[in-house]
Amino acid sequence: MDASMQMRPELLLPEIITFLGGLIVLLGGSFLPRHRQWIARAVAALALLAAATAAAMAMAGPAQTAFSGTFAADTATSAARVIAALATLLVLGVASGEIANSPRESDTYALLLFATTGVMVLAAATDLLVLIVGFLLASIPLYGIVGLTGGRSGAEAAMKTYLMGALSGILLMLGVTLLYALTGATDYAQLKDELPGAPAAAVGAGVLCVLTGLLFKAGGAPVHFWIPDAAQGAGVTAATFLTTVPKIGALVAVYRLMAMVSAGNESWLVVVAVLATASMFLGNLAAYWQRDPRRLLGWSTVSQVGFLLVPVAAAGRSDLALPSLLFYLAAYALTNVAAFAVTATLPDHRELDTYRGLARTRPGLALALLVALLGLVGTPPTAVFVGKLAAATAVWDGGHGWLALIVMINSLLSLFYYLRWLGPAFAPPTQPCPETSRTDEVAAWPAATAAVAATASLGLGIGAGFLWAALDGPSLL
């Protein structure tokens with residue numbers, strides 16, 4: 001076969017657009033005065049829109065591979081690309097209120113685009129070496145984003161994120177090395193054939209190491225501790241991004257990995273079910289005692305990763321597993337960004353009690369918060385409700401009915417700590433709410449982002465059937 005036919009770089013068009021957009025923003029931003037950094041933001045937004053458009057067009061085509069079968073261009077990849085690009089576009093709306101005219105504005109936009117490229121590669125990888133590339137490209141810019149946008153507390157958050165990321169990266173590469181030593185292959189198709197004949201204990205150690213690295217990117221147990229610290233200590237731009245976008249690529253990568261290894265050993269699906277349970281309970285129980293809204297959302301993210309792992313536990317055993325995962329990722333991205341955008345609009349409100357009377361002073365913002373938080377619970381007709389219902393149905397269909405019951409229990413548990421935030425917001429004010437230090441013009445960006453994301457969450461839930469038809473397309477999984 002001709003080498004160009006094996007490589008097929010045109011199948012990586014969304015990744016190429018996003019990465020080149022990051023380079024243009026990085027280099028061009030160096031020549032822009034501070035009051036014109038909005039140009040870099042506009043270029044970043046155009047790159048993300050172009051990447052999302054290219055990915056959406058590719059979704060209509062057949063499932064294909066690039067670079068000798070190491071990169072999948074199928075429905076799962078295209079969906080992850082669209083979700084990641086549009087979620088990052090919403091993050092730019094949050095950033096417009098926090099870092100506008102700051103010295104590192106264009107640098108932050110460039111890092112966001114580079115990290116998003118890594119997320120896309122992570123979702124498409126069907127080779128362990130490409131998986132490492134995607135992990136590093138998604139992780140290294142993230143450390144910079146956390147450090148640049150949070151001041152002194154951001155530096156501490158960046159250090160914690162870096163240390164956990166370095167450890168998880170080492171474990172991932174150790175697992176890849178071990179699996180290669182056992183099979184002589186890194187391609188998923190070859191590994192699927194070779195792993196059943198390898199020593200079970202060694203295979204288990206290798207797969208667990210790779211899975212641990214991916215769970216760091218997702219923010220799930222047992223490597224979840226950095227998420228609430230980073231969400232609280234970093235700037236709201238970094239917090240919104242790190243709790244939303246990396247999960248898209250990481251969880252699709254986990255699905256691909258589990259679909260491959262569980263073909264010869266279905267006990268791996270039980271391992272994923274146990275990890276999903278641990279993430280749900282740990283995130284929900286820890287969120288109960290939080291007073292900082294961003295830290296609360298950080299622990300909420302850990303629990304949401306548990307919910308997102310539920311359909312992975314049905315990989316290969318239910319036709320609903322992959323579409324429900326992809327739909328849930330889209331629903332979670334919109335809903336989580338909406339919640340963080342509300343906190344970005346009111347950056348001085350760092351205690352739940354300071355939101356008292358929000359419904360009277362900012363009714364539109366309070367409504368967006370209501371939709372976001374009830375959406376994260378899984379209240380109809382929001383999109384997360386459809387995602388949770390589909391995930392529970394998939395895992396029931398896959399033979400783990402007990403996990404569907406745990407999904408319902410944890411959804412009920414999560415309602416109480418979200419109400420701790422909604423209660424003050426819709427209570428009558430006892431004193432004037434503290435004023436934000438932002439101007440109305442700057443705060444308008446994250447407020448508009450909250451409104452758009454919350455409205456899209458409702459719209460996606462109501463029109464779920466249209467998206468579901470697109471997600472249930474050709475796939476290599």
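Student: How many residues does helix α17 have, and what distance does it reach from its first C-alpha to its last?

Tutor: This is a predicted model, so what follows is computed from predicted positions. Helix α17 covers residues 363-377, and at 1.5 Å a residue a span of 21 Å is expected. The span in the model is close to that expectation, for α17 has 15 residues and reaches 21 Å.

Student: Turning to another helix, how many of the residues of α4 are buried?

Tutor: Helix α4 runs over residues 75-98 and reaches 35 Å from its first C-alpha to its last, close to the 34 Å expected at 1.5 Å a residue. The helix is mostly covered, and of its 24 residues the number buried is 22.

Student: With which residues is Leu309 in contact, leaving aside its neighbours within four places in sequence?

Tutor: Once the neighbours within four places in sequence are left aside, the contacts of Leu309 are Leu215, Leu251, Val254, Val272, Leu275 and Ala276.

Student: Is Gln304 buried or exposed, and what is its relative accessible area?

Tutor: Gln304 is found in helix α14, which covers residues 293-309. Leaving aside its neighbours within four places in sequence, Gln304 is in contact with Tyr328, Tyr332, Leu376, Lys388 and Tyr418. Gln304 is buried, and its relative accessible area is 1%.

Student: How many salt bridges does the count come to, and how far apart are the closest N and O atoms of Lys160 and Asp229?

Tutor: Side chains of opposite charge can pair when their charged atoms come close. The count comes to twelve salt bridges, and in the one that Lys160 forms with Asp229 the distance between the closest N and O atoms is 3.5 Å.

Student: Why does the pair of Lys160 and Asp229 tie together parts that are apart in sequence?

Tutor: Lys160 lies in helix α7 (residues 151-183), while Asp229 lies in helix α10 (residues 226-233), so the parts that this pair ties together are separated in sequence by 69 residues. Lys160 counts as partly exposed at 31% relative accessibility, and Asp229 counts as partly exposed at 22%.

Student: Which residues are linked with Asp229 in a network of salt bridges?

Tutor: Asp229 also forms a salt bridge with Arg295, the closest N and O atoms being 2.9 Å apart. Arg295 lies in helix α14 and Asp229 in helix α10, so this pair ties together parts that are 66 residues apart in sequence. At 18% relative accessibility Arg295 counts as buried. The residues linked with Asp229 in the network are Glu156, Lys160 and Arg295.

Student: Where is the place of Pro222, and what is omega for the peptide bond from Ala221 to Pro222?

Tutor: Most residues other than glycine have a negative phi, and most peptide bonds are trans. The place of Pro222 is in the loop between α9 (200-218) and α10. The peptide bond from Ala221 to Pro222 is cis, with omega near 10°.

Student: What is the phi of Phe67, and what is the phi of Ser68?

Tutor: Phe67 is found in the loop between β1 (64-66) and β2 (71-73), and Ser68 lies in the loop between β1 and β2 as well. Phe67 is partly exposed, with a relative accessible area of 28%. Although Phe67 is not a glycine, its phi is positive, at about 55°, and Ser68, also a residue other than glycine, has a positive phi near 60°.

Note on methods:
Residues numbered from 1 in each chain as written. Predicted model: local features only at pLDDT ≥ 70, side-chain atom pairs only at ≥ 80, totals over all residues. Heavy atoms only, no water. Helix = DSSP H or I, 4+ residues; strand = E, 2+ residues; numbered from the N terminus. Expected span 1.5 Å × (residues − 1). Contact = heavy atoms within 4.5 Å. Buried < 20%, exposed > 50% of the residue type's maximum accessible area, 1.4 Å probe, protein only. Salt bridge = Lys/Arg side-chain N within 4 Å of Asp/Glu carboxyl O.
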